[in-house]
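User: Could you give me a close look at one spot in this model, starting with its sulfur atoms, and then work outwards to the surroundings? I'd like the cut-offs behind each term as you go.

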Amino acid sequence: MDCAICNKQGRVVYEDAEIMAILLSKGIKEGHIAISSKKHVNIISQVGDETIAKMYILAKKIAGAYAALNTSSFNIVANNRSDEEFHFALNLIPRSEGDNINFQWNPKQIPPEQLGQIFDMIKAIPINPVESKKTEAKQAKKVEIDADGQEDNYMLNQFRRVP
Amino acid sequence: MDNCPFCKIISGEIPAKKLYEDDSCVAILDIYPANPGHVLLLSKTHHASYLDILDPDLVNIGVISKKIGENVIRALKPDGLSIFVADGASAGQRAPHFILHIIPRIENDAVPLDSKKQAVQVDSIFEKLKPSLKDIFPDMDYDNLEKTDSVKEELKVEPKQEDKIEHKQEIKPVQEPAKQKKEETDDSITLDNIKDLFG
């Protein structure tokens, strides 16, 4: 597959059996480091809880090294896409004044009633319990077996277009 | 912190739409969202920077960001989902408190989190980072890691399967040095011992 992360296009900053960090040769900016699972997945739901935790800790460790680029500012951006070639990653991007990167959105005004409705809709769904090693393995198996109509699949389809 | 509006939200002094709360984080609905359903995940303890969050809290915040992201998807069925952190003024951080943004995405929503990628310098940047990276990951053998991009591009040769396997074996687990550090900072978590937190 033509995946810049799987092909390690750039320099390997960190690698172990599950996760890796690649300084990308094609990035949003110099110093852009993609932190990802080694397994090629498209969305965060396909990454195990322990693996996602490791990715966040790795981001913290690596962001500390950006001091060498004379900056202490950085962004983390992670998008989800069901595009098969898309590799879910925490994108760590060092920032400096006047670097012409803009991640700033225009805040929207939402009527209080609509805000209340949205709150109720999200709050109504219980938070999934944190996966232990065992349940993680079980779930991975289950998804493989019931590939049709399973929730992971639903989430993937949900993201067909954006971002 | 006394004057931090987000600490006041966490303590309940300022009302907010709290979606979730545990020992390390609080999730609230953003009232001025990038898109409806935008959730702010706040560290429960006051920290301005991601880098100051203690490792066990960050482990939990990472997992909860996934769980809440999943629930936003289930509840609102958006076209996509983005996670965003701004750390430092030049990264656009405005709040004095650590915030992880979970943003449902809508097609053509003009939320600028999909910046175009371009060819950028790698070797000179890597050389600058290398001394710090060697301190952080003492077991990574950077000098002997292949330069994947330039070398491969030039030769236009797919690496042989055997090469890949050999390469893997050369990388030693990152364990011992981190253990030594553990005595100094009790909260620190190595990438290897994270698994102990997941039963």
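Analyst: Happy to! The sulfur of Cys7(B) has its closest cysteine sulfur in Cys4(B), 3.8 Å away, which is too far for a bond; a disulfide here means a pair of cysteine sulfur atoms within 2.5 Å. Cys7(B) counts as buried, with 15% relative accessibility. Buried stands for under 20% relative accessible area, exposed for over 50% and partly exposed for what lies in between, with a 1.4 Å probe and protein chains only. Cys25(B) is buried too, at 0%, and its closest cysteine sulfur, that of Cys7(B), sits 14 Å away, again too far for a bond. A search over all chains of the structure finds 0 disulfides.

Some ground rules: this is a predicted model in which local features need pLDDT of at least 70 and side-chain atom pairs count only at pLDDT 80 or more, while totals for chains, interfaces and linings use all residues. Residues are numbered from 1 along each chain as its sequence is written, chains are lettered from A and ligands numbered from 1 in the order in which they are written, and side-chain values use heavy atoms, with hydrogens and water left out.

Now to the confidence. The predictor gives the complex an ipTM of 0.88 and a pTM of 0.84. By pLDDT, the predictor's confidence in each residue from 0 to 100, chain B has a mean of 84, with 78% of its residues at 70 or more. Residues 149-185 of chain B stay under 50, and the model has 33 contacts for them beyond four places in sequence; a contact is a case of heavy atoms within 4.5 Å. Chain A averages 87, and 83% of its residues score at least 70. Over residues 145-149 of chain A the pLDDT is below 50, and this stretch has 2 contacts beyond near neighbours in sequence.

Chain B holds 6 helices and 6 strands, where helices (H or I, at least four residues) and strands (E, at least two) are DSSP runs numbered from the N terminus. Their order from the N terminus is α-β-β-β-α-β-β-β-α-α-α-α. Of the 199 residues in chain B, 50% are buried. Among contacts in chain B with a separation of 6 or more, 54% link residues 24 or more positions apart.

His38(B) lies in the loop between β2 and β3 of chain B and is buried, with a relative accessible area of 0%. Its C-alpha atom is 6.2 Å from that of Pro104(B), 66 residues apart along the chain. Beyond neighbours within four places in sequence, the contacts of His38(B) include Ile28(B), His101(B) and Pro104(B), as well as Trp105(A) from the other chain.

That brings us to the interface. In total, 91 residues of chain A are in contact with 97 residues of chain B. The two chains bury about 8800 Å² between them, 64% of it on carbon and sulfur atoms; buried area is the accessible area (1.4 Å probe) that two parts lose on being put together, summed over both. On the chain A side, Arg11(A), Tyr56(A) and Trp105(A) lose the most area to chain B, together 10% of what that side buries.

Helix α2(A), residues 112-123, takes part as well. Leu115(A), Gly116(A), Ile118(A), Phe119(A) and Ile122(A) are buried in α2(A). Seen down the axis of α2(A), the buried residues fall within an arc of 165°, so they line one face of the helix; the arc is that of the directions from the helix axis to the C-beta atoms. Glu113(A), Gln117(A) and Asp120(A) are exposed on the other side of α2(A). The buried residues of α2(A) pack against β1, β2, β3 and α2 of chain B.

One of those partners, α2(B), has 22 residues and reaches 31 Å between its first and last C-alpha, close to the expected 32 Å. Of these 22 residues, 19 are buried, so α2(B) is largely enclosed by the rest of the structure. Just after α2(B), Lys77(B) takes a positive phi of about 45°.

Note on methods:
Expected span 1.5 Å × (residues − 1).
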